[in-house]
Amino acid sequence: MAIRNIVLDGDEILRKKAREVENVKEEKIQILIDDMIETLHSANGVGLAAQQVGILKRIVVIDIYDGNEPIVLINPVIIKTKGEREVEEGCLSFPDQFGKVIRPKEVEVEALDREGRKIRIKAKELLAQAICHELDHLEGRLFIDLVIPGTLQTVSPETTNKKGE
Ligand code: ZN
């Protein structure tokens, strides 16, 4: 496994639409998934989309640190959402920006897992938020597009120690 560089704000790949994965079992896809999980953990992140490591494939990894294995979603599609809530959100590609957005309280998503099996996940709260955030990345949509006006904050690196803790 290897830690990959996270693409930052301003890179045009973040605005592109990712392509479906055709063969989940392909070695380079499996390596990419392992690397994405390692990169996510090394950045203390909750979610990472393949675009954020420079690959235009519909793959996201999510870990809400609830004791379960990281979730890998390939070619994911949201099939249901319920409710809404206002949440604080950030992004590994915008390391010093945070803002408030509206996200569904609950979502149901269909995807393939890393073995190529079809899975369906019902998620709420933080997991639902992370799924929505990461699936937006696959469409080239970023949290700053959704931010409630006036809530975007820039935190200087000296005053945040969110990373490296
Ligand atoms: Zn993000």
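Start by selecting arginine 15, which counts as partly exposed at 43% relative accessibility. Keep in mind as you go that this is a predicted model.

Arginine 15 lies in the segment before α1 (27-42) and aspartate 145 in helix α3 (residues 143-146), so the pair ties together parts that are 130 residues apart in sequence. Aspartate 145 is also partly exposed, with a relative accessible area of 39%.

**Helix α2**

Next, select residues 125-138, helix α2. With 14 residues at 1.5 Å each, this helix should span 20 Å, and its end C-alpha atoms are 21 Å apart, which agrees. Which residues of α2 are buried? Among them are Leu127, Ala130, Cys132, Glu134 and Leu138. Twelve of the 14 are buried, so α2 is largely enclosed by the rest of the structure.

Zoom in on glutamate 125, which is found in this helix. Glutamate 125 has a positive phi of about 50° although it is not a glycine, and it is partly exposed, with a relative accessible area of 41%. Bring up arginine 85 too: glutamate 125 forms a salt bridge with it, and the closest N and O atoms are 3.2 Å apart. This pair links helix α2 with strand β4 (residues 85-91), where arginine 85 sits, 40 residues apart. Arginine 85 counts as partly exposed at 22% relative accessibility.

Further along α2, pick aspartate 136 together with arginine 103. Their side chains meet in a salt bridge of 3.0 Å, N to O. Arginine 103 belongs to strand β5 (residues 94-103), and the two partners are 33 residues apart.

Now show Lys80, Glu108, Glu110 and Arg120, which salt bridges with shared partners join into one network. A search of the whole structure finds 15 salt bridges.

Just after α2, click on glycine 140, which takes a positive phi of about 80°.

Move to valine 107 in strand β6 (residues 106-112). At 3% relative accessibility, valine 107 counts as buried. Leaving aside neighbours within four places in sequence, its contacts include Lys80, Ile121, Ala123, Ala128 and Cys132. The C-alpha atoms of valine 107 and alanine 123 are separated by 5.4 Å, although these residues are 16 apart along the chain.

Finish at tyrosine 65, in the loop between β2 (59-62) and β3 (71-82). Its phi is near 55°, a positive value in a residue other than glycine. Tyrosine 65 is partly exposed, with a relative accessible area of 45%.

Note on methods:
Residues numbered from 1 in each chain as written. Predicted model: local features only at pLDDT ≥ 70, side-chain atom pairs only at ≥ 80, totals over all residues. Heavy atoms only, no water. Helix = DSSP H or I, 4+ residues; strand = E, 2+ residues; numbered from the N terminus. Expected span 1.5 Å × (residues − 1). Buried < 20%, exposed > 50% of the residue type's maximum accessible area, 1.4 Å probe, protein only. Contact = heavy atoms within 4.5 Å. Salt bridge = Lys/Arg side-chain N within 4 Å of Asp/Glu carboxyl O.
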